[in-house]
Amino acid sequence: LEFGGIPVARKESTKHIGFHLDEKLDFKVHVAEAITKATTGLALLKFISHFLDRTRLDLAYKMHVRPHLEYGDVIFHERSKTLMKSIESIQIQAANIVAGCWKGTNAHKLYKELGWESLSDRRTFHRLTKYYEIINNKTPAYLRELLLSSPPPASASQRYLNSFFPFCYLKWQNLDPLVKNSQSVDSFKSKYIKTIRPNKNSTFNIRDRKGLSLLTRMRVTFSDLRDHRFNHNFFCPSPICKCGIEIESNEHFLLCCCLYTPYRVIRVIMLGN
């Protein structure tokens with residue numbers, strides 16, 4: 001390819017409205033850039049976590065970090081398991097920062113604490129939202145012309161099945177009719193998001209940032225308690241409590257351990273007064 005008699009330099013990828021398209025459509029360049037931007041945001045999020053409560057940290061992540069990980073996700077979703085895992089790991093790091101938990105905490109438990117859905121579920125949500133718009137003539141006509149009229153052939157490759165229209169066609173068939181027949185895009189979003197978003201655990205109106213962090217670590221079973229540290233191979237040779245009676249679990253620490261009986265008595269007296 002020449003321009004004015006001068007050979008045009010070949011590039012493996014080009015950027016269009018903020019999205020990198022590469023010659024193999026594996027989206028590695030785009031995802032790598034998204035992760036770099038999001039990682040910078042995580043560093044700032046970690047810094048301000050010493051000064052802000054959980055609600056504001058949650059909002060900061062969703063406004064300033066997560067958008068980088070989701071830009072163009074209707075296109076690159078499920079293109080590569082390795083890339084998708086890399087993207088999800090950024091959100092898990094953010095969840096640890098927002099909840100005040102440690103690296104290695106179970107992601108499912110973290111998401112339940114915060115009421116977050118996984119990025120994988122959100123990518124499916126974004127795809128099906130766009131699919132809903134196409135079906136209901138809320139997009140340019142040429143997109144509607146690409147809708148599949150029959151299921152993909154059994155011999156289709158996984159790469160093809162993960163592309164937008166085959167993926168959405170198969171997911172749409174299993175969608176709840178009440179969701180599919182929504183009267184508007186907003187209604188569709190509202191109904192669908194309820195199917196993937198976990199109910200956030202109560203924080204009992206605890207305002208103390210450190211106290212809430214300690215409570216959360218106990219609920220996700222990765223705290224300073226010996227049972228948790230031992231199960232995570234976290235510098236703990238035995239799960240037995242210092243009292244020597246039984247394993248130092250949540251129940252033992254809060255209700256049974258004789259080492260903390262005086263504190264429980266004081267607390268009961270204070271509540272009684």
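Colleague: Before we start, what counts as a salt bridge here?

Modeller: A side-chain nitrogen of Lys or Arg has to sit within 4 Å of a carboxyl oxygen of Asp or Glu. Keep in mind that this is a predicted model.

Colleague: Good. Which residues are linked in a network of salt bridges?

Modeller: That network joins E70, E117, R122 and R197.

Colleague: And how many salt bridges does the structure hold?

Modeller: There are 11 of them.

Colleague: Let's take some one by one. What does R10 pair with?

Modeller: R10 bridges to E23, and their closest N and O atoms are 2.9 Å apart.

Colleague: Is R10 buried or exposed?

Modeller: R10 is exposed, at 72% relative accessible area.

Colleague: Now the helices. What does K37 do in α1?

Modeller: The K37 side chain meets that of E33 in a salt bridge, 3.6 Å from N to O. The two are 4 residues apart in helix α1, so about one helical turn separates them.

Colleague: How accessible are K37 and E33?

Modeller: K37 is partly exposed at 38% relative accessibility, and E33 is partly exposed too, with 25%.

Colleague: What about K62, which residue does it bridge to?

Modeller: K62 pairs with D58, with 3.0 Å between the closest N and O atoms. Both belong to helix α2 (residues 54–64), and they sit 4 residues apart, about one turn of the helix.

Colleague: Is D58 buried or exposed?

Modeller: D58 counts as buried because its relative accessibility is 12%, and the cut-off for buried is under 20%. K62, on the other hand, is partly exposed at 29%.

Colleague: Changing topic: which residues form a nonpolar patch on the surface?

Modeller: L1, F3 and V8 do, and together they have about 410 Å² of accessible area.

Colleague: Where does F3 lie?

Modeller: F3 is part of strand β1, which covers residues 2–3.

Colleague: And why does F3 count as exposed?

Modeller: Because its relative accessible area is 68%, and exposed means over 50%.

Notes
Residues are numbered from 1 along each chain as its sequence is written. This is a predicted model: local features need pLDDT of at least 70, side-chain atom pairs count only at pLDDT 80 or more; totals for chains, interfaces and linings use all residues. Side-chain values use heavy atoms; hydrogens and water are left out. Patches are made of residues with over 30% relative accessible area and no salt bridge: like charges are joined within 9 Å, nonpolar side chains (Val, Leu, Ile, Met, Phe, Trp, Tyr) within 5 Å. Accessible areas come from the Shrake-Rupley method with a 1.4 Å probe; for residues, only the protein chains shown count as cover. Buried means under 20% relative accessible area, exposed over 50%, partly exposed in between (1.4 Å probe, protein chains only).
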